[in-house]
Amino acid sequence: MEIVVSGTRPTGILHLGNYYGAVRNYVRLGDDPNVRGYFFIADYHSLTTHNNPEELKLLVKQTIATYLACGLDPEKVVIYVQSDVPEIPELYLLLNMLAYKGELEKVATFKEKIKIHNENINAGLLTYPVLMAADIIVHRAHKVPVGKDQEQHLEMTRNFAKRFNSRYDIDFFPEPIAYNFGDELVKVPGLDGSTKMSKTGGETNAIFLNEEPDAILKKIKRAKTDAGPSEPNSEKPQEIQNLFALMQIVSKPDTVSFYDQAWNTCTIRYGDMKKQLAEDMITYLTPIREKINELIRDEAYLGRIVKRGGEAARESAQKTVSEVRKIMGINYF
Ligand code: ADP
Ligand code: TRP
């Protein structure tokens with residue numbers, strides 16, 4: 001059996017980037033009968049930058065509903081909340097003894113986050129990659145479906161796994177890889193000209209999975225564009241490239257070629273392109289939105305799913321942590 005693990009922070013409603021870069025791959029991997037999939041809500045991770053208890057409650061429920069609405073099947077995979085598995089923080093503590101301050105300070109996401117949250121540079125933020133490694137190796141995972149922004153975290157996870165194996169001279173943890181079905185990890189761009197769609201990138205950046213059609217249309221109409229190409233076959237500026245990248249996700253290949261051709265011949269009309277993109281985006285997201293709206297009303301059902309998932313995740317995590325304790329000598333009598 002191949003073990004697959006991934007998670008998302010409940011820091012906002014999931015957006016197209018989360019779906020296309022990550023959750024879609026959870027679903028595909030989870031459907032494979034040779035895979036044992038563990039998919040969770042990384043609530044502890046969200047505490048490194050967010051601290052509103054009421055909002056947390058809502059977002060955790062919304063994220064569970066979104067996982068299910070995107071097609072994750074609780075009969076096939078384990079869906080759980082990170083904080084329901086106390087073996088994860090235990091392994092995190094043990095892995096912290098193998099993690100160096102210097103290597104943690106060099107992590108790109110840490111450097112970015114301390115710029116944004118410079119009033120709260122907490123130790124949790126510094127050790128974020130250690131907790132993430134614990135999430136993954138607690139199930140002795142092989143593959144981790146994530147977007148491109150998580151590549152460096154996965155590299156660190158492999159380092160911690162290797163370091164543990166070599167420190168204790170045992171081949172215990174596999175070295176997990178960041179995984180996508182295509183050749184490359186994906187980064188879905190934002191609508192504001194930025195290269196990454198993000199939950200925390202502001203209202204004009206992301207298209208959320210529960211967004212109503214008229215809101216999608218409005219956002220896409222407002223997306224950043226330029227004055228248009230002045231020469232045939234010129235290079236596309238970032239914001240135009242972004243619109244094409246989004247179109248590639250939700251539109252038919254013919255539609256993309258049509259506008260590509262229009263760009264190359266300087267006949268492109270951004271108004272038309274945006275209208276088409278909005279229409280295709282709405283078609284692409286409507287089944288997910290409808291499902292989220294339906295599931296979010298059934299809190300008891302969501303609760304049952306993660307209760308059962310938490311128990312299954314603990315069973316797997318307990319096995320690993322009790323082995324780790326033995327390997328480290330933490331079993332005295
Ligand atoms: P965000 O960055 O929006 O806060 P998370 O950090 O919780 O989202 O990411 C959850 C998953 O979604 C991760 O696997 C991450 O790599 C993926 N992801 C997030 N944004 C994008 C994006 N714009 N394109 C592709 N994948 C993304
Ligand atoms: N760091 C990931 C993100 O920002 C979320 C995450 C936490 C995660 N633990 C994980 C992803 C374990 C994959 C596996 O998106």
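Student: What should I know about the numbering and the model?
Tutor: Residues are numbered from 1 along each chain as its sequence is written, while chains are lettered from A and ligands numbered from 1 in the order in which they are written. The model is predicted, with local features needing pLDDT of at least 70, side-chain atom pairs counting only at pLDDT 80 or more, and totals for chains, interfaces and linings using all residues, and side-chain values use heavy atoms, leaving out hydrogens and water.

Student: How many residues surround ligand 1, and which are the closest?
Tutor: There are 18, the closest being Gly147, Asp149, Val188, Lys196 and Lys199, where a residue is near if one of its heavy atoms lies within 4 Å.

Student: Which side chain has an N or O atom 2.6 Å from an oxygen atom of ligand 1?
Tutor: That is the side chain of Lys199, and an N or O atom in the side chain of His15 lies 2.8 Å from an oxygen atom of ligand 1; a polar contact is a pair of N or O atoms within 3.5 Å, and within protein one must be able to donate a hydrogen and the other to accept it, with residues adjacent in sequence counting only if both atoms are side-chain atoms.

Student: Changing topic, what is the phi of Asp169?
Tutor: Asp169 has a positive phi of about 50°, although it is not a glycine. Most residues other than glycine have a negative phi.

Student: And is Asp169 buried or exposed?
Tutor: Asp169 is exposed, at 71% relative accessible area, where buried means under 20%, exposed over 50% and partly exposed in between, with a 1.4 Å probe and protein chains only.

Student: What about Asn233?
Tutor: Asn233 has a positive phi near 55°, and at 58% relative accessibility Asn233 also counts as exposed.
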